[in-house]
Amino acid sequence: MKEGHKVKYRKLGLKISYYRKLKDMTQEQLAEKLDKNLSFIGAVEAPNINRTVSLGTLFDIAEILEIPAHKFLDFDED
């Protein structure tokens with residue numbers, strides 16, 4: 001992973017966590033709906049871990065959370 005992208009992945013994880021909590025959903029529930037294990041979601045959302053997410057997975061998360069996918073990638077709205 002490029003050094004310059006680490007901050008963006010961190011922000012992406014925090015946004016996923018934010019929108020998941022707005023839906024009153026646990027990490028376990030999101031993981032189950034994504035057909036991923038809990039440690040994957042935990043690593044994606046953890047601010048101290050730089051875990052990549054495929055575009056397909058990001059689209060799936062957006063669909064589950066009923067959020068337009070572009071919201072996760074708009075880093076200027078912070």
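Okay, let's start with a term: a polar contact is a pair of N or O atoms within 3.5 Å, where, within protein, one must be able to donate a hydrogen and the other to accept it, and residues adjacent in sequence count only if both atoms are side-chain atoms. Before I use that, a word on the model: it's a predicted one, where local features need pLDDT of at least 70, side-chain atom pairs count only at pLDDT 80 or more, and totals for chains, interfaces and linings use all residues. Residues are numbered from 1 along each chain as its sequence is written, and side-chain values use heavy atoms, with hydrogens and water left out.

So, Lys15. You'll find Lys15 in helix H1, residues 6-22; helices here are DSSP runs of H or I, at least four residues, numbered from the N terminus. A polar atom of the Lys15 side chain lies 3.2 Å from the backbone oxygen of Lys71, and the side chain also reaches the backbone oxygen of Asp74, at 2.5 Å. Is Lys15 buried or exposed? Buried, because its relative accessibility is 9%. The cut-offs are under 20% relative accessible area for buried, over 50% for exposed, and partly exposed in between, with a 1.4 Å probe and protein chains only.

Next, the rings. There are two aromatic pairs in the structure. In one, the ring centres of Tyr18 and Tyr19 are 5.1 Å apart with the planes at 75 degrees, so that pair is edge-to-face. Rings of Phe, Tyr and Trp (its six-membered ring) pair if their centres lie within 6.5 Å, and planes under 30 degrees apart are stacked, over 60 edge-to-face, the rest tilted. Tyr19 also pairs edge-to-face with Phe72, at 5.7 Å centre to centre and 85 degrees between the planes. Tyr19 is in H1 and Phe72 in helix H5 (residues 70-73), so this pair ties together parts 53 residues apart in sequence. Phe72 counts as buried at 0% relative accessibility, Tyr19 is buried at 11%, and Tyr18, at 48%, is partly exposed. Tyr18, Tyr19 and Phe72 make one aromatic cluster.

Last stop, helix H2, residues 27-34. Which residues of H2 are buried? They're Leu30, Ala31 and Leu34. Looking down the axis of H2, they fall within an arc of 100 degrees, so they line one face of the helix; that arc is taken from the directions from the helix axis to the C-beta atoms. Glu28, Glu32 and Lys33 are exposed on the other side. Just after H2, Asp35 has a positive phi of about 60 degrees.

Terms used
Helix = DSSP H or I, 4+ residues; strand = E, 2+ residues; numbered from the N terminus.
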